[in-house]
Amino acid sequence: MHTQDTITLRTRGQGLHDITRQVANWVADQGVRTGLLTIFCQHTSASLTIQENADPDVQADLETFFRRLVKEDAALYRHTMEGPDDMPAHIRSALTDVSLSIPVANGRLALGSWQGVYLFEHRFRSHTRRLILDLSS
Amino acid sequence: MHTQDTITLRTRGQGLHDITRQVANWVADQGVRTGLLTIFCQHTSASLTIQENADPDVQADLETFFRRLVKEDAALYRHTMEGPDDMPAHIRSALTDVSLSIPVANGRLALGSWQGVYLFEHRFRSHTRRLILDLSS
Amino acid sequence: MHTQDTITLRTRGQGLHDITRQVANWVADQGVRTGLLTIFCQHTSASLTIQENADPDVQADLETFFRRLVKEDAALYRHTMEGPDDMPAHIRSALTDVSLSIPVANGRLALGSWQGVYLFEHRFRSHTRRLILDLSS
């Protein structure tokens, strides 16, 4: 059986937005002991990732790495009419995840101690982002 | 319950091959209202990705990025006997996706408006590629 | 229905650890003809990948690529107190996979002929790593 819901988030520019608590609470509310949660991001300029949740420097370093690897330099791209951050956003999305599947065990999301779930916004400006949650039981 | 099928594709050299319609039609034909589709690529030199479906320049820019990041330069690799494009193909596959999971809602694949599903061929020559579709309901 | 189990592995420094046989045997033991296996890695400095299983040079080249792309150079990162290999490990995990979903058909893991499943250890030292297996049927 599949139970689904949609999360709508308002991002505030580039960076990682922690969605762990919101997702974990939704899972706990479903009353499913053993199953699989899949999170799906309905966008191509924002994505998902699981990262260390303890030191905020990890998130800053991750963002710095992606800025260096996928440059916001219009000379590198043909697709520039949506702004210098749009094509890099598509590439960064391809390099990270559009969907994540996490087991649910004993009624809870079975993340490791140091794992947090993040929406990774790749555009400069604030955007409304839709994530679909699918719980299979 | 799981329903499965296999898609066989003939690629025509490096690049993104749009499989959205073929996959969406198969899902619609199954008569499942709420579920989860998983696409699995049975190869290590082709992969899957979800990308923007509107401007073909996005696909060209994505390919250019991967050509620059993972060079087809035999001097960089030990594994060269299958050609200069084989080891880069394995690396590009590791950086993108071997499996994708997409929710099915109201009987349809719940992609965002601008999302297309692509098989990413990483080899120079034409290849026959097998994808497994798994629909969980 | 979901059946789950945990695999605990002792890694021996950086590199790919082949888990194909262990995972395939577990799946075969469950007696499920048609389903979906999801493997989830409960860590942020080790990850999962599917790679070519025939030539060990492929694995060496993959490791070399990631060492070159994500340098173990403390000057590049703020998060350095856990050692020069920790932040690169988080980035390499983001670039590869925390979860993999593989169809099960005719009671067996439906991998392609050349596909092997690997735990990718990104830290210098030996670590105990936990993977959750979820079989949906």
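In this predicted model, 21 residues of chain B are in contact with 28 residues of chain C. On the chain B side of this contact, two or more residues come from each of strand 1 (2-10), strand 3 (35-41), helix 3 (86-95), strand 5 (99-105) and strand 8 (128-136) of chain B. Helix 3 of chain B provides the largest share of the side that touches chain C, namely 5 residues. Sorted by class, the side of chain B that touches chain C holds 8 nonpolar, 11 polar and 2 charged residues.

Let us turn to chains A and B. Here, 21 residues from chain A and 28 residues from chain B take part in the contact. Strand 1 (2-10), strand 3 (35-41), helix 3 (86-95), strand 5 (99-105) and strand 8 (128-136) of chain A each bring at least two residues to the side of chain A that touches chain B. With 5 residues, helix 3 of chain A gives the most to that side. The side of chain A that touches chain B is made up of 8 nonpolar, 11 polar and 2 charged residues.

How values were computed: Residues are numbered from 1 along each chain as its sequence is written. Chains are lettered from A and ligands numbered from 1 in the order in which they are written. This is a predicted model: local features need pLDDT of at least 70, side-chain atom pairs count only at pLDDT 80 or more; totals for chains, interfaces and linings use all residues. Two residues are in contact if their C-beta atoms, placed from the backbone, lie within 7 Å. Helices (H or I, at least four residues) and strands (E, at least two) are DSSP runs, numbered from the N terminus. Ala, Val, Leu, Ile, Met, Phe, Trp, Tyr, Cys and Pro count as nonpolar, Asp, Glu, Lys and Arg as charged, and the others, Gly among them, as polar.
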